[in-house]
Amino acid sequence: MATFSYTIPLPIRCSTTGNKQDPKKQNLNKIKITGTPTRSVKVDTLSQTAGVAKTSAASVENGHISKEQIRQNIPTKKQFVDYHRQGLIVEGGVGYRQTVVIRSYEVGADKTATLESILNLLQETALNHVWMSGLLSNGFGATHGMMKNNLIWVVSRMQVLVDQYPIWGEIVEIETWVGASGKNGMRRDWLIRSQATGHVFARATSTWVMMNEKTRRLSKMPEEVRAEISPWFIEKQAIQEDVPEKISKLDSNAKYVNSNLKPKRSDLDMNQHVNNVKYVRWMLETIPDQFLESHQLSGIILEYRRECGSSNIVQSLCEPDEDGILNSGLKQNNDMSPLNRFSLASEIMEGNGLLGSLDKVPLRYTHLLQTQGDTQNEEIVRGKTTWKKRQSNIELSNMPFSI
């Protein structure tokens, strides 16, 4: 499993009152949320005035709080608006929406956002959601109750479906919310949509469980923690999955293998563990360049098994699914209508053959990242990727937008 934890201390919070409030902060008291009429929202802003700095300096001198804690300025109460991050609390006060501009360093050669950039945005908005809740303690998304019990979140499974990639300079809105997953887990979902058209670019869902930071063993959810997070749960899913797809384990006979992969310093997170996004990069680099030039990733499923540290040597295995054409297109792809399925079958029957129909059906690869040991290899993450033929700029410009 991939773990995410780092120290985030508590801040000093101070609010201004009265008519002398900063005009920018006064404007936050009325906010128009997309799709809803303008309404008054009670906003508890985090003051950036000199008065806070003076109070904070005194706290530092008394040893009550560190300079790092002041700079992070994490709220201790629920916030409704974060004008620095362009974030809002939505969904009846429990969901989170953030507006983001796709920057130049987040796109690839085709000027569209990379999968790695999208995964980073998902992680960032999830943390900002917890930040706004007032529950964030000195851990990577961990609540106060979790820190008391030496617990951290670990992601066990993640799925991302991409219909279309945002382009450089495009303004997108990312919504995220959480829900229950069994007795001891939590589900977090996301939607990424165009602010201009409302078109949903991508959907994602993930499953999180708790691990004891010291023993590195999975833990049940304490009632104290359940009481903290359950009021934020929503019965809503970005991706409907009746039965999660099983990912088979690859062996040394896999068609494509990259060995002796060594984590670089830039690949490590605050825990000195390899960042989650690096796993995806290792997986995709195993696929032949010729295929990547003509195809675009439309879906990925990740099943995390263990952590990967700076001293590990990693091996990436990849195997194309031989039945991926029919399996992925006709059985697994719920978005394909019966009419499209009939059209594909007719094309094959009329003589275009199976190869002539590949552009209409995604292809799939199975992946495995594992540590390379002298006597034994240990799984890090299993993966499944789904691909579709790249579209030209003309085809993209003629695409209808669905809301």
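Leaving aside neighbours within four places in sequence, Ser-248 is in contact with Thr-366 and Arg-382, where contact means heavy atoms within 4.5 Å. This is a predicted model, in which local features need pLDDT of at least 70 and side-chain atom pairs count only at pLDDT 80 or more, while totals for chains, interfaces and linings use all residues. Residues are numbered from 1 along each chain as its sequence is written, and side-chain values use heavy atoms, with hydrogens and water left out. The chain has 11 helices and 16 strands, which are DSSP runs numbered from the N terminus, with at least four residues for helices (H or I) and at least two for strands (E).

- Ser-248 sits in the loop between helix H6 (223-229) and strand S12 (256-261), and its C-alpha is 8.9 Å from that of His-367, although 119 residues separate the two in sequence.
- Ser-248 counts as partly exposed because its relative accessible area is 45%; on this scale, buried means under 20% relative accessible area, exposed over 50%, and partly exposed in between, using a 1.4 Å probe and protein chains only.
- Glu-91 belongs to the loop between strand S5 (87-90) and S6, and with a relative accessible area of 35% this residue is likewise partly exposed.
- Glu-91 touches Glu-175, Ile-234 and Lys-236 when residues up to four places away in sequence are not counted, and Ile-234, which is 143 residues away in sequence, lies 8.6 Å away in space from C-alpha to C-alpha.

**The chain as a whole**

- Of the 403 residues in the chain, 49% count as buried.
- Among contacts in the chain with a separation of 6 or more, 73% are between residues 24 or more positions apart.

**Strand S9 and its two partners**

- Strand S9 (residues 185-194) is mostly covered, since nine of its 10 residues are buried.
- Strand S8 (residues 171-181) runs antiparallel to S9 and is joined to it by 10 bridges; two strands pair if DSSP finds at least two bridges between them.
- Ser-181 stands opposite Gly-185 in S9, and S8 and S9 form a hairpin with three residues between them, where Gly-182 in the turn has a positive phi of about 70°.
- S9 also pairs with strand S10 (residues 200-212) in the antiparallel sense, over eight bridges, and here Leu-191 stands opposite Arg-203 in S10.
- S9 and S10 form a hairpin with five residues between them, and Gly-198 in that turn has a positive phi of about 85°.

- Helix H4 (residues 115-133) has 19 residues and reaches 28 Å from its first C-alpha to its last, close to the 27 Å expected at 1.5 Å a residue, where the expected span is 1.5 Å times one less than the number of residues.
- In H4, 15 of the 19 residues are buried, and the helix is followed by Gly-134, whose phi is positive, near 80°.
- His-129 is found in H4 and counts as buried because its relative accessibility is 3%; beyond four places in sequence, the residues it touches include Ile-89, Tyr-96, Trp-177, Arg-188 and Trp-232.
- Helix H7 (residues 276-285) is mostly covered, with eight of its 10 residues buried, among them Tyr-279, Trp-282 and Met-283.
- At the start of H7, a side-chain oxygen of Asn-275 reaches to within 2.8 Å of the backbone nitrogen of Val-277.

**Cysteines**

- A disulfide is a covalent bond between the sulfur atoms of two cysteines.
- A search of the whole structure finds zero disulfides, taking a disulfide as a pair of cysteine sulfur atoms within 2.5 Å.
- Cys-308 counts as buried because its relative accessibility is 0%, and Cys-318 counts as buried because its relative accessibility is 0%.

**Confidence**

- The mean pLDDT of the chain is 78, and 69% of its residues reach 70 or more; pLDDT is the predictor's confidence in each residue, from 0 to 100.
- Confidence in the chain is lowest in helix H10 (residues 338-352), at a mean of 41, and highest in strand S6 (residues 95-101), at 97.
- Over residues 24-56 pLDDT stays under 50, and the model has 61 contacts beyond four places in sequence for them.
- Over residues 326-352 pLDDT also stays under 50, with 31 contacts beyond four places in sequence.
- Where pLDDT is low, the predicted coordinates should not be read in detail.

Technical notes:
A polar contact is a pair of N or O atoms within 3.5 Å; within protein, one must be able to donate a hydrogen and the other to accept it, and residues adjacent in sequence count only if both atoms are side-chain atoms.
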